Every structure is written in structure tokens, then in C-alpha cells.
Amino acid sequence: VAPAQPVAPAAATVAPLKRSITIDTERPVLHVGERWKQETRLLHSNTLKHVDDIVVTSVQPDLIGLSINGQPGSMTAELAMRVGPRMRYDEGYQALSFPLQSGKKWTFRTGWEQRRMGASGRLQMEVQVAGEETLKLAWGDTPTIKLEAQGTLQVESPIRMMRKVTARYWYAPSVHAIVRTEWLDGMEDLVIEVVSHSRGGE
């Protein structure tokens with residue numbers, strides 16, 4: 001009998017999901033110097049793949065400049081990554097749509113490029129705000145807004161293929177970030193979690 005494989009822990013909730021949202025649902029105001037450290041692990045084995053240190057370097061009305069592991073990056077004012085540590089997305093990427101009201105739905109379509117692997121394609125997702133949930137994170141219990149999404153991931157280069165994708169993610173207004181993401185595409189299921197954060201000058 002093969003030994004059981006370790007599994008990445010599910011999001012540790014300290015209160016059941018509430019459909020009504022009582023915490024801040026508006027778009028956050030970011031400041032230069034805000035910092036998040038996040039870990040990416042394989043969902044089913046808990047194997048650590050990446051650690052990323054993300055710092056806000058500039059704030060414009062429609063674009064946030066970032067330093068990601070010392071390299072330049074950027075995201076939109078709605079916190080959608082444009083140039084990330086490994087991926088680049090076009091202007092269609094919209095993981096969040098403020099205000100995050102319970103039951104709100106939207107669809108986005110975006111092109112993507114994984115620069116190191118030389119891969120590119122399209123992503124289409126339907127997103128819904130599920131409600132409010134409190135997670136136990138590295139620094140303590142944190143109220144979050146839970147979102148659920150599903151759609152298709154299309155690879156156009158270097159090979160052509162399409163996969164169904166399911167994602168669950170939690171945005172924490174107090175952290176100004178998506179603090180946990182569970183990404184399942186049947187190829188490399190991942191969990192991404194913020195493990196520390198600090199505010200810039202306000």
C-alpha cells in the first residue's frame with residue numbers, strides 16, 4: 001500500500017460563511033511601502049514552490065508599481081496583477097470587482113504569458129462573491145470576503161490544449177490583498193497564501 005501523501009491544509013475558518021458582508025467592500029487605497037510575503041505550494045502535497053516578496057513602489061490612479069523579489073512588476077488599482085513574478089496578464093484580468101457585494105457576479109477574459117516557460121494563452125472565468133468568512137492566517141484571525149470562480153484555461157503556445165479551472169480565493173480588506181487562493185486546473189493545483197504583511201506610509 002502506497003503511503004498517504006501529505007495534503008496542504010484547507011483554509012482554516014474560525015467562523016462559518018456569512019452571505020451578508022459587514023466588512024469594508026470598497027477598493028482599498030494603497031501606499032508606497034506596503035509589503036506582502038506570499039508562499040505558493042502544491043495543493044495536494046504541500047510542497048513549497050515559490051516565495052515572493054511584493055512591495056508597492058508607486059501609486060497612480062490606474063496602475064500600482066511593484067517590486068517583486070527585486071524585479072519590477074505592476075497591478076491595476078483593483079489589485080489585478082499585470083506583471084507578476086512569473087505571469088503577465090493583459091488588461092482583461094479582473095479577479096476583484098469593487099465594491100465586493102455579496103452575490104455580485106462578473107466574467108473576465110484575459111490573455112496570459114508565462115515568460116520563463118515560453119507559454120501563452122487565454123483565460124476566461126466567471127466570478128461570484130460568496131460572502132464573508134474569517135480565516136486563521138499566520139498573524140491571527142482575519143475577516144475576509146470569499147470569492148468563487150470557474151472557467152477555462154486555454155494554452156495556445158508552445159502546444160494547444162484547454163482545461164477547466166476552479167478557483168476559490170479570499171480578499172482581506174485589512175491586508176489590502178487576496179490572502180489565500182486555491183487554484184485547481186487538474187495539471188498543477190496550487191495554494192497561494194500571504195504569510196506576512198506590513199503597511200506603508202499613510
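Strands here are DSSP runs of E, at least two residues long, numbered from the N terminus. I am working on a predicted model.

**Entry 1, overall make-up.** I listed the elements from the N terminus on and got β-β-β-β-β-β-β-β-β-β-β-β-β. The count comes to 13 strands and 0 helices. I then looked up the radius of gyration, which is 17 Å; the globule rule gives 17 Å for 202 residues, so the protein is as compact as a globular protein of that length. Along the principal axes, the C-alpha trace spans about 45 × 40 × 30 Å.

I went through β4 (residues 63–68) and β5 (residues 71–76), which pair in the antiparallel sense over 6 bridges. Glycine 65 has serine 74 of β5 as its bridge partner. The hairpin of β4 and β5 has 2 residues between the strands, and asparagine 69 takes a positive phi near 55° there.

I moved on to β5 and β6 (residues 81–83), which run antiparallel and are joined by 2 bridges. Methionine 75 has its bridge partner, methionine 81, in β6. This hairpin leaves 4 residues between β5 and β6, and leucine 79 in the turn has a positive phi of about 70°.

I looked up ring pairs and found 3 in the structure. In one of them, tyrosine 93 and phenylalanine 108 sit edge-to-face, at 5.4 Å centre to centre and 80° between the planes. Tyrosine 93 belongs to the loop between β7 (87–89) and β8 (105–114), while phenylalanine 108 is in strand β8, so this pair ties together parts that are 15 residues apart in sequence. Tyrosine 93 and phenylalanine 108 are both buried.

I checked phenylalanine 98 and tyrosine 171 next: the ring centres are 5.4 Å apart and the planes stand at 75°, so this pair is edge-to-face. Phenylalanine 98 lies in the loop between β7 and β8 and tyrosine 171 in strand β11 (residues 161–172), so the pair ties together parts that are 73 residues apart in sequence. Phenylalanine 98 is buried, as is tyrosine 171.

Last, I looked for clusters. Tyr89, Tyr93 and Phe108 form one aromatic cluster.

Definitions and conventions:
Residues numbered from 1 in each chain as written. Predicted model: local features only at pLDDT ≥ 70, side-chain atom pairs only at ≥ 80, totals over all residues. Heavy atoms only, no water. Phe/Tyr/Trp six-rings, centres within 6.5 Å; stacked < 30°, edge-to-face > 60°. Buried < 20%, exposed > 50% of the residue type's maximum accessible area, 1.4 Å probe, protein only. Pairing = 2+ DSSP bridges. Rg over C-alpha atoms; globule rule 2.2 N^0.38 Å.
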